[in-house]
Amino acid sequence: MKQRALPLLTFVALLLGWEALVRIARIPHYTLPAPSLVLQTLAANFGSLAGSWWFTLKITFGALLLACAGGVLIAAAFALSRPLEAALLPVAVVLQVTPIVAIAPLILIYVESTTAALLLCAWIVAFFPILSNTVIGLRAADPNLRDLYRLYRATPWQRLRLLLVPSALPYFVAGLKISGGLSLIGAVTAEMVAGAAGRETGLASRILEAGFRTETPKMFAALLLLVATGVMIFWSFNALSRALLGRWHASEQSVQD
Amino acid sequence: MSAAILALEGVDKRFGNGLLALQGTSMHVAAGEFVALLGPSGCGKSTVLRLAAGLDGITAGRIDAPALHGGVAQTAFVFQEPTLMPWASVYDNVWLPLRLSGMDSDMANDRIERALISVGLSDFHAAFPGELSGGMKMRVSIARALVTEPKLLLMDEPFAALDEITRQKLNSDLLASWQSQELAALFVTHSVYESVFLSQRVLVMSARPGRIVAEVMIDEPYPRTVAWRTSAHYLRICAQLTQALEAAHAPVGAA
């Protein structure tokens, strides 16, 4: 109980402090809007913001889905063939270490559809943690268990399904937790680079647009939706991790005992 | 004597890194026999088991073992660690060898039940390995080995990490399982007392490169009980075996 109350109280105290600061110091709302005004603005503009929110969600989860598929498939190929890994891993590392803001303008030029370009940018950011974690996970199976599967003449498919996939699962889930947050960051960054133009735009474009008009409360309202999305992703993947690993993996066992 | 189920003749084993683990090792295990392989750590005992299980190939010599023939699995292996799948229940862990041979859980159910009863874990079907003690995990590992009703059971210091009380209990239970089946056992250990308690014959191995240097017969009938563990006969054989072990590992030129 105490464990849950503490962060909640911290948050309430921070918000109250913010509200009090704005009111007492009479800070104008175009500099720093009070939390209450942000909520009012969000309620008043929810109809128009919801469309942009949905667009950002589509890019984020679309990229994450592709990152899972791509990361796991490439990891499986790497796990099967060391030479393939040696040949292709540097390419993946180059993609990983290049700041996405720096290559997004190029991608936006090369890829005709803006949606596809945004997906590609978010994917580049999100797929690496899943790839590298899954590669390690697929190689992490207990050597004695591998011997046991050989002794009982398991088929390659049995070995994959009953041994390698469960062994890799904790690693994959750890990668997924990182990639979930990164795909949102990738989506927003790419939207920022793409700018406010176009009919279908996400929350980042709305923040830019509101910034040009010094509608600070609206910037905060859009920001609030982004934060809510990030927290929701974090929570849902933590819940998924607990559901998949809770009964057997040390990472999900309670630390008190 | 009945026919040998496992036979090594003049076997050499050299690993990829050049290490000569076995040199001129000859031994055999008859069908239904209980043989202990005794020696210090690193003398190649585990290597003998891996060769017998077909997990490694020999460098020179001749070997015959059921695992080297095709067909159904007749060899079971119990490792030093329980080596259970942490994500699977006790039941699913014991099911594994049958599952890999294509048996669904309906077909395998009776055999899984019997194996779990034989190790005293019939109430722990749904438990996960992480919820069990070290001794119970080892029991699951033994149930998994016995579930296929193998002809040859290879055990690699399976009880070395357990406390003395658990170890003695598991020794007795292992003998009971061995007697109830048509089963040959090759039991690797570095404990003189454990080898004498369990086996009909103890083979002493020299240090690297490993080979068999002494053989001690233990002519005590089964079932063997706690009374055997405290008898003068038992202690006499232990002393004899300790001397054989000492002689095998005396520094060269010291004698």
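These legends describe close-up views of a predicted model. Local features require pLDDT of at least 70 and side-chain atom pairs pLDDT 80 or more, while totals for chains, interfaces and linings use all residues. Residues are numbered from 1 along each chain as its sequence is written, and chains are lettered from A in the order in which they are written.

**View 1. The two domains of chain B.** Domain 1 of chain B covers 1-74 + 150-216 + 227-255 and domain 2 covers 82-149 (bounds from an automatic or database domain assignment). Their centres, taken over C-alpha atoms, are 25 Å apart. Domain 1 of chain B brings 14 residues to the contact and domain 2 of chain B twelve (contact: C-beta atoms, placed from the backbone, within 7 Å). On the domain 1 side, helix α5 (residues 164-180) of chain B gives the largest share, five residues (helices are DSSP runs of H or I, at least four residues; strands are runs of E, at least two; both are numbered from the N terminus).

**View 2. The contact of chain A with chain B.** Chain A contributes 15 residues and chain B 17. On the side of chain A, α6 (143-151) and α7 (156-194) each supply at least two residues, and α6(A) gives the most, seven.

**View 3. Strand β8 of chain B and its partners.** Strand β8 (residues 201-205) of chain B is largely enclosed by the rest of the structure, because four of its five residues are buried (20 or more other C-beta atoms within 10 Å of a residue's own, C-beta atoms being placed from the backbone). Strand β3 (residues 34-38) of chain B pairs with β8(B) in the parallel sense over four bridges (pairing requires at least two DSSP bridges), and B:Ala36 stands opposite B:Val202.

**View 4. The β8(B)-β9(B) hairpin.** Six residues join β8(B) to β9(B) in a hairpin. The two strands pair in the antiparallel sense over five bridges, with B:Val204 partnered by B:Ala214.

How values were computed
Contact = placed C-beta atoms within 7 Å. Buried ≥ 20, exposed ≤ 12 C-beta atoms within 10 Å, placed from the backbone.
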